[in-house]
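Morning, everyone. Please bring the structure up on your screens, and we'll walk through it together.

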Amino acid sequence: MAYKPQFYPGSTSVGINRRKHMSGNLEKLRDIPEADVTAIMGHRAPGADYSSTHPPLKEMGEPDCPVRQIVAPTAGAAAGDRVRYSQWTDSMYFAPSIPYWRSYWGAINCKGCDPGTLSGRQIIEARERDIEAYTKAQYDSEMTDVALCSMRGCTVHGHSLRLEENGMQFDMLARTEMGADGNVYATKDQVGIPLDKKINLGKPMTEAEAKKRTTIFRADGIPMCGAVGARKYDEAVEALHHMWELRSKWGFRPE
Amino acid sequence: MVTESDTASIQVEIVPSRFLMPATAQKLLNEIYGNGGITRIMVQGPNLPRSVPYGPGRGAPIDENRELLIEVGGQAFELCVKVGRIRLELESDKYFSGLKAACERALPISFQIKKGKFFHTRRTITDYAKFGNEEDTRILGLIDPKAKKSKMAILSEERVTIDDEER
């Protein structure tokens, strides 16, 4: 029987969503053009050449290495692109994804990337044409709600602040705005430089939908222990206790 | 048993469940002002810089944060923060119920309102460095210790002053 990864325990909606994020089996909610994603990332103008750090691998003549023969390089690595980043801030008010789950998604599903997890933001570094594809995948999928998540290269705070009155995550640099038509527009790139045109990111999720799709356990949403008053804790807590116990014992070394 | 005086001043904190838009902040402050009995008031929230403070886009203007003028009690002043919390001192407890009603009228979202002690009473080193031997102790607790003096706006019955002096 073929091995099927289990990814994450638990039968709560958050547990199920976490499994979805890690497996990469995500629903596509919107389609933001590649050029617009490139513009929001702000590393190069849409249509411009990719800057490179080395010649294409084919021209370089690689050493005779069995690992290099087994592993096919990503498009960006083959072309010798520079390493670039995209960084996300997700609100703790039921954003669909959170830093750890963006990182799990990246580490499991994205080849040749380097995810970095911080308390309120998450960064992925990869070769430029690869990171563009990964960022577009994040933007288009249910990992992202355009009101509660945004790409922020600097001045990233917003994760743990209250939302604005219109339901947007607070952004000191005002990189996104809620339009009069109910759509969210990106007006600046991820470091706060104004874009040539506003980019329509579509409508944000309703509060109920965000709670349905979130990967955040919260006492006022889905608690980690599962249903309140249930006889048994959810498997997520049992697995956590199990890991905690093994880790503690492994770390305990009586001389 | 100690009976609390109902004529002593009280301090109140209002925390809306979301950050307020300038228009809502103006409406709320006007309602609070209309209720009367305010000895002093402080508006607190995250800073709204006029330009990108750091990173590759440093210095790029943030037009959305400029000229956020609000008018309170007939006086206009520029909002430098996203209003997230209001602390004030009332002359006596009799204004509290009116204040709560004012918040309910002005805020379209839920909020917390509580009495407590929110302004410090003894001068700190920072206060001394900023104001010197200021006689008026009402100024204590009205300003973020890390903020520059130029960031402080004082509203009084007579005038609004924004001290532009750079330290």
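Let's start with one pair of residues. A:Ala186 stands opposite A:Ile199, which belongs to β7(A). Keep in mind that this is a predicted model.

Now step back to the strands. Strand β6 of chain A covers residues 184-188, and its pairing with β7(A) is antiparallel, over four bridges. How do strands hold on to each other in general? They pair through backbone hydrogen bonds, either parallel or antiparallel.

Next, the whole sheet. It is open, it has three strands, and the order in chain A is β5-β6-β7. The pairing is antiparallel. Which strands stand at the edges? In chain A they are β5, residues 176-178, and β7, residues 194-202. Each has a single partner strand, so one side of each is left without a neighbour in the sheet. From one strand to the next, the twist averages 25 degrees.

Now a loop. A:Gln169 sits between β4, residues 149-151, and β5 of chain A. Is A:Gln169 buried or exposed? It counts as buried, because it has 26 C-beta neighbours inside 10 Å; the cut-off for buried is 20 or more. Beyond its neighbours within four places in sequence, A:Gln169 is in contact with several residues, among them A:Ser91, A:Ala147 and A:Leu163. Compare A:Glu27. From A:Gln169, that residue is 142 residues away in sequence and 23 Å away in space, C-alpha to C-alpha.

Last stop, the two chains. 16 residues of chain A are in contact with 23 residues of chain B. On the chain A side, 10 are nonpolar, three are polar and three are charged.

Terms used: Residues are numbered from 1 along each chain as its sequence is written. Chains are lettered from A and ligands numbered from 1 in the order in which they are written. This is a predicted model: local features need pLDDT of at least 70, side-chain atom pairs count only at pLDDT 80 or more; totals for chains, interfaces and linings use all residues. Two strands pair if DSSP finds at least two bridges between them. Helices (H or I, at least four residues) and strands (E, at least two) are DSSP runs, numbered from the N terminus. Axes are lines fitted to C-alpha atoms, for helices over the stretch in contact, and angles run from 0 to 180 degrees between N-to-C directions. Two residues are in contact if their C-beta atoms, placed from the backbone, lie within 7 Å. Ala, Val, Leu, Ile, Met, Phe, Trp, Tyr, Cys and Pro count as nonpolar, Asp, Glu, Lys and Arg as charged, and the others, Gly among them, as polar. A residue is buried if 20 or more other C-beta atoms lie within 10 Å of its own, exposed if 12 or fewer, and partly exposed in between; C-beta atoms are placed from the backbone.
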